[in-house]
Amino acid sequence: MPQLSNRVMTFTDSVIRRMTRISDEYGAINLSQGFPDWDPPTEITDALAEVAKEGPHQYSITFGATNFREAICRIESERFGRTVDPKSEIVITCGSTEAMMTCMMTVCNPGDKVVIFSPFYENYGADTILSGADPIFVPLTPPSFTFDKAELEAACSQPGVKALILCNPSNPCGKVFKRDELEFIASLAKKYDFYVVTDEVYEYITFDDNEHICVASLPGMFERTLTCNSLSKTYSITGWRLGYVIGNAEAIEAARKVHDFLTVGAAAPIQEAACRALNVLGPDYYADLKAKYQSKRDIFLNGLDELGIEHTNPEGTYFVLIDITKFLQLDQFKGMSDMDFCEWMIKNTGVAAVPGSSFFREPINHLVRLHFAREDETLYESIRRLSKMADLLK
Ligand code: GLN
């Protein structure tokens, strides 16, 4: 058989998506791959039913249907603090997964370098490799997942750095970057002349007084930021695969070419249905979403506290990392990897999680990621199931 490309030998399948498959096999509660288990708002499902009858059912414009681009730009202009032009500054993609890949292919030449914070959402590693670039990792240090300014500057000042990937709010650590941190990143982007490519899919899921700030809204940053986002998390439609990139007209013109040859376009009826809903959902919708996730975070983290399971305190996103160090010290788990532990969890507690090692550059074996985008009863049931595990420490 002819040999496959070298590139496909250098990364594995997604551990997050693999855990979902194992979870399904054992009928576990899936707290691994992050997606909600409730229906999207009725404005969205009703629009989908209408569009099924009315169309469109043929291709939309490759870079996104005009009315859909206009609807997104109307909402995003407010967040960006400037008018985002639907004609030239946005490309609609198949989810933010394609958005990020498109950005990497648009910005990077083979051999360029991309700065990525660790822990990171695993797609960024593969995206970087697929675009021919090499990642440079900079640690975010727990418990508040701050970065060392000198270390970040040392990474960003290396020759060939073309982009920094910024996930904000950050999966899996739940960090919401503060204004002064973003200003520092922005100053480096200007000083060393690179793009900031962001993943802002959790922009509406922030807790307490943590506020999400678009780095593109900082002075002089629109020109050097490519903002990736999606409708998946905000409207609970992860299966619709609708995302977008916003950026300066020149970069977006190039990104539209990449996108066109990768996918031609996002599904036309899905864009139309989402557009109809976006035009009727008001500010209350976003406030309710935030309140809903805040309450879920409280339910789940209080549950973990009652079980005595140590965990991170997310400022945003719907992820929490639990510390399994004490479990790994027990005889029955000695020598286990975090992956072995997650498999044990699925089989013995009926709760699926993601091994932390798939998010870290550093050799980490003591963290496991769970998400809390589940109906309240399911969260309570998960805590009940995890109590079996917690009892082992008593
Ligand atoms: N972002 C989600 C997670 O980290 C999943 C997204 C995906 O699988 N495409 O679990």
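Me: How do helix H2 and helix H9 pack, roughly parallel, roughly antiparallel, roughly perpendicular or oblique?
Reply: Keep in mind this is a predicted model. In it, H2 (residues 42-54) and H9 (residues 268-278) have their axes 8 Å apart and pack at an angle of about 135 degrees. Roughly antiparallel would need an angle over 145. So the call for H2 against H9 is oblique.

Me: Which strands stand at the edges of the open sheet?
Reply: The strand order is E2-E8-E7-E6-E5-E3-E4, with mixed pairing. Each edge strand has a single partner strand, so one side of it is left without a neighbour in the sheet. That gives E2 (90-93) and E4 (134-139).

Me: Which residue in E6 stands opposite isoleucine 165?
Reply: Strand E5 covers residues 161-167 and runs parallel to E6, residues 195-199, with five bridges joining them. Opposite isoleucine 165 you find valine 197.

Me: Where does the ligand lie relative to domain 1 and domain 2?
Reply: Its surroundings are Ile16, Arg17, Gln33, Gly34, Thr97, Tyr121 and Asn171. By class, that shell has two nonpolar, four polar and one charged residues. Domain 1 (7-40 + 284-391) and domain 2 (42-278) both give residues to the shell, so the ligand lies between them.

Notes
Residues are numbered from 1 along each chain as its sequence is written. This is a predicted model: local features need pLDDT of at least 70, side-chain atom pairs count only at pLDDT 80 or more; totals for chains, interfaces and linings use all residues. A residue is near a molecule or strand if its C-beta atom, placed from the backbone, lies within 6 Å of it. Ala, Val, Leu, Ile, Met, Phe, Trp, Tyr, Cys and Pro count as nonpolar, Asp, Glu, Lys and Arg as charged, and the others, Gly among them, as polar. Domain bounds come from an automatic or database domain assignment. Two strands pair if DSSP finds at least two bridges between them. Helices (H or I, at least four residues) and strands (E, at least two) are DSSP runs, numbered from the N terminus. Axes are lines fitted to C-alpha atoms, for helices over the stretch in contact, and angles run from 0 to 180 degrees between N-to-C directions. Angles under 35 degrees count as roughly parallel, over 145 as roughly antiparallel, 65 to 115 as roughly perpendicular and the rest as oblique.
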